[in-house]
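Hi everyone, thanks for coming. Please take a moment to look at the screen, and then we'll walk through it together.

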Amino acid sequence: MSAIKKRIMVGVSGASGAPLAVACLKELKQFHDWEAHLILGEGAAETIEHETEYTVDQFTKLADHVYPLHQLGASPASGSFETAGMVIVPCSMKTLAGIHSGYGDNLLLRAADVTIKEQRKLVLVARETPLSPIHLRNMSELSMIPGVTIMPPVLTFYQQPKSIDDVIHHLVAKILGRFGLEVGGFKRWEQP
Ligand SMILES: Cc1cc2nc3c(=O)[nH]c(=O)nc-3n(C[C@H](O)[C@H](O)[C@H](O)COP(=O)(O)O)c2cc1C
């Protein structure tokens with residue numbers, strides 16, 4: 001790993017929730033000793049353009065490095081490329097299924113597979129509703145692997161959000177918190 005910067009892999013797949021990915025990448029920019037290494041899944045371009053104010057080109061500029069999905073020879077395809085782990089935000093049920101079965105036919109799936117085999121942190125912001133028995137089985141079995149966290153983007157109200165941005169900020173703080181990153185303004189629960 002770079003002597004100065006820690007790397008975090010950020011996967012973005014085509015589930016609803018592209019604004020969460022924007023917020024994660026923007027927040028990561030606050031941590032100057034970290035680098036965001038981005039891979040977009042097959043469906044990500046459509047959700048980014050539909051759900052955010054960013055074009056795909058503008059979106060990719062939020063990351064420090066971007067890898068083509070089908071470049072299976074890129075660095076994150078190898079465990080020798082050191083990272084602190086990977087977050088997939090949002091994570092589609094298709095990508096979840098690919099990770100569950102170890103089917104690494106694109107760089108997003110391969111990088112997740114590498115993260116698991118190297119026993120690094122893998123946070124899957126798995127998004128679908130309602131959830132089928134197949135989705136739930138995949139999440140349940142993946143959750144038993146050391147280092148894997150299944151973190152659906154579930155709403156929280158105890159911090160008394162006033163806007164969607166407040167809700168997103170809380171979720172992003174919880175996601176990045178898994179990597180030891182303390183996001184400013186995160187309201188932890190304290191009994192009144
Ligand atoms: C607007 C939009 C929203 C979608 N939302 C979801 C979703 O919430 N969860 C999901 O699993 N798939 C969702 N999909 C379908 C995925 O994009 C599709 O399964 C795609 O093949 C996923 O590929 P990827 O994981 O490689 O990005 C959505 C598609 C579109 C166009």
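How many nonpolar, polar and charged residues does the shell around the ligand have? Before I answer, please keep in mind that this is a predicted model. Okay, here is the count: eight residues of the shell are polar, five are charged and two are nonpolar.

Let's stay with the ligand for a bit. It is surrounded by 15 residues, and the closest are Gly14, Ser92, Met93, Thr95 and Arg127. Now for some individual atoms. Ser92 has a polar side-chain atom 2.6 Å from an oxygen atom of the ligand. In Ser16 we look at the backbone instead: an N or O atom there lies 3.1 Å from a nitrogen atom of the ligand. Then there is Glu128, with an N or O atom in its side chain 3.3 Å from a nitrogen atom of the ligand.

How much of the ligand does the protein bury? On its own, the ligand exposes 640 Å², and the protein buries 73% of that. And which elements give two or more residues to the shell? Those are helix H2, residues 44-51, and helix H4, residues 93-100. H4 provides the largest share, with three residues.

Next, let's turn to the aromatic rings. Searching the whole structure gives one aromatic pair. Its partners are Tyr158 and Trp189, and their arrangement is edge-to-face. For Tyr158 and Trp189, the centres are 5.8 Å apart and the planes are at 70°. We call that edge-to-face because the angle is over 60 degrees.

Where do these two partners sit in the chain? Tyr158 is in the loop between S6 and helix H7, residues 164-177, while Trp189 is in the segment after H7. They are 31 residues apart, so this pair links distant parts of the chain.

Are the two partners buried or exposed? Tyr158 is partly exposed, with a relative accessible area of 37%, and Trp189 counts as exposed at 54% relative accessibility.

One last stop: Thr149, which lies in strand S6, residues 148-150. Is Thr149 buried or exposed? Its relative accessibility is 14%, so Thr149 counts as buried, given that the cut-off for buried is under 20%. Setting aside neighbours within four places in sequence, Thr149 is in contact with Leu122, Val123, Leu124 and Arg178.

That's my tour, and I'm happy to go back to any part of it!

Methods:
Residues numbered from 1 in each chain as written. Predicted model: local features only at pLDDT ≥ 70, side-chain atom pairs only at ≥ 80, totals over all residues. Heavy atoms only, no water. Helix = DSSP H or I, 4+ residues; strand = E, 2+ residues; numbered from the N terminus. Buried < 20%, exposed > 50% of the residue type's maximum accessible area, 1.4 Å probe, protein only. Contact = heavy atoms within 4.5 Å. Near = heavy atom within 4 Å. Polar contact = N/O pair within 3.5 Å; in protein donor to acceptor, adjacent residues only side chain to side chain. Areas by Shrake-Rupley, 256 points an atom, 1.4 Å probe, with all protein chains shown as cover. Nonpolar A, V, L, I, M, F, W, Y, C, P; charged D, E, K, R; others polar. Phe/Tyr/Trp six-rings, centres within 6.5 Å; stacked < 30°, edge-to-face > 60°.
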